[in-house]
Structures are given as structure tokens and as C-alpha cells.
Amino acid sequence: MPTHQETRHLPYTAQQMYDLVADVESYPQFLPWNAAARIRSREECGAYEMMHADLVISFKVFREKFGSRVKLYKDERRIDTEYLDGPFRYMKSWWKFRDAEDGGCEVEFFVDFEFRNAILQGVIGMVFNDAMQRIVRAFERRAQALYG
């Protein structure tokens, strides 16, 4: 189903961008369509920290909660997300952050998902690329507000 992948060069450190994306509880403050976020649990698992999180997405007349397992690889500056429960048939995403030799950092983002609800999938399908670009821009604006 819909997938989106992009790499952006941003004028912030890889650690700053990693910290921003890892701060799931702050998503409702700046992410479009994110009405609420809650961390169910956190656990150190050797090379990564595992977080179980619930997000509430609100889009037009649809409002859905979904749970995900988020693996935070601080040393690698990588964040992997796997779907647990909610309106998706499946969902996975990842972020990778690398300091760039010329300053700033490279941020790589990937997401792949499919909704169970065919109507919602159809609505999202029509605006998917625009929606993903708006989400990435929201992270960029948040970085500017925090670090700019």
C-alpha cells in the first residue's frame, strides 16, 4: 500500500533531530492530525530502549487510536516503529539521523501502512503524498522552533 521515503538535509545535529523525533509525547503540540499521545511503557533492552506508545489520529470525520512499539537506538540514532493495535492492517516506519560532513545532518524517513477501513484508506490514498510532506515539514518547523 502507500509508502513514503525521503531524505532531508537539515541545519541541526543528528542528535537534536533524534531527540525531537523520540519525544513522542510532544507530537500533539506540532504534528498535523495528531490529537493525543501517551507512553504506555518504557524498557531498556540492551542496544535500544523499547517504548509502547498510543497515538490518536484525527482526520476529517475519522478519529482513531493506535498503539505502536518504538525501538530507540540512541547510539545509532535510529528509531524503528512497529504497529501493535488499532485501525491499521499493518504499519511500520523508521527514522535515521546522520551528521553531515558539511554541517547539519541527514534525516531519512520511511513509512509503509494500510488501514483496515477501505473508506479511510481511500481518503488517505488521495492525499497521501501531501500528508507525508506536511508531517515531515511539521518536524522541520518544530526543529526550527526548538533549535533555530
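Which residues is Pro87 in contact with, leaving aside its neighbours within four places in sequence?

**Entry 1: ground rules**

I am working on a predicted model, where local features need pLDDT of at least 70 and side-chain atom pairs count only at pLDDT 80 or more, while totals for chains, interfaces and linings use all residues. Residues are numbered from 1 along each chain as its sequence is written, and side-chain values use heavy atoms, with hydrogens and water left out.

I looked up confidence next. pLDDT is the predictor's confidence in each residue, from 0 to 100. The protein chain averages 92, and 98% of the residues score at least 70. Helices (H or I, at least four residues) and strands (E, at least two) are DSSP runs, numbered from the N terminus.

**Entry 2: Pro87**

Back to my opening question. Pro87 is in contact with Glu64, Lys65, Phe66, Phe115, Arg116 and Asn117, leaving aside neighbours within four places in sequence. Contact means heavy atoms within 4.5 Å. I found Pro87 in the loop between E5 and E6. Pro87 counts as buried because its relative accessibility is 9%. The cut-offs: buried is under 20% relative accessible area, exposed is over 50%, and partly exposed is in between (1.4 Å probe, protein chains only). I also checked Pro87 against Gln5, 82 residues apart along the chain; their C-alpha atoms are separated by 22 Å.

**Entry 3: the nonpolar core**

Which residues of the largest nonpolar core touch the most other members? I read off Ile79, Phe97, Phe113 and Phe139, out of 44 residues in that core. Helices H1 (14-22) and H2 (118-147) each supply at least two residues of this core, as do strands E3 (49-59), E4 (62-73), E5 (78-85), E6 (88-99) and E7 (105-115). H2 gives the most, with 11 residues. By definition, a nonpolar core is a set of buried Ala, Val, Leu, Ile, Met, Phe, Trp, Tyr and Cys residues joined through side-chain atoms within 4.5 Å.

I then followed Ile79. Leaving aside neighbours within four places in sequence, Ile79 is in contact with Tyr18, Val21, Ala22, Val70, Lys71, Leu72, Ser93, Trp94, Trp95 and Phe97.

**Entry 4: the cavities**

How many cavities of 30 Å³ or more does the structure hold? I count 2. Rolling a probe the size of a water molecule over the atoms shows where empty space is left. On a 1 Å grid over the protein atoms alone, a cavity is a set of points where a 1.4 Å probe fits but cannot get out; lining residues have an atom within 4 Å of a point. Grid points are joined across faces, edges and corners, and a volume is the space filled by probe spheres set on the points.

The largest cavity holds about 670 Å³ of space. I find 33 residues in its lining, with Leu31, Leu55, Ile57, Phe66 and Ile135 nearest its centre. H1, E3, E4, E5, E6, E7 and H2 each supply at least two residues of that lining. The lining divides into 27 nonpolar, 4 polar and 2 charged residues. Here Ala, Val, Leu, Ile, Met, Phe, Trp, Tyr, Cys and Pro count as nonpolar, Asp, Glu, Lys and Arg as charged, and the others, Gly among them, as polar.

The second largest cavity holds about 60 Å³. Its lining is Glu6, Arg8, Leu10, Met17, Trp95, Val107, Phe109, Val136, Phe139 and Glu140. I note 7 nonpolar, no polar and 3 charged.

**Entry 5: positive phi**

Most residues other than glycine have a negative phi. Trp33 has a positive phi of about 70 degrees, although it is not a glycine. I place Trp33 in the loop between H1 and strand E2 (34-44). Trp33 is partly exposed, at 23% relative accessibility. Arg77, also not a glycine, has a positive phi of about 55 degrees. Arg77 sits in the loop between E4 and E5. At 25% relative accessibility, Arg77 is partly exposed.

Arg38 lies in strand E2. Arg38 counts as partly exposed because its relative accessible area is 45%. Not counting residues up to four places away in sequence, Arg38 touches His52, Ala53 and Asp54. From Arg38 to Asp54 I read 5.2 Å, C-alpha to C-alpha, at 16 residues apart in sequence.

Lys96 lies in strand E6. At 31% relative accessibility, Lys96 is partly exposed. Lys96 touches Arg77, Arg78, Glu106, Val107 and Glu108, not counting residues up to four places away in sequence.

Technical notes:
On a 1 Å grid over the protein atoms alone, a cavity is a set of points where a 1.4 Å probe fits but cannot get out, and a pocket is an open set with protein on both sides within 12 Å along at least five of seven lines; lining residues have an atom within 4 Å of a point.
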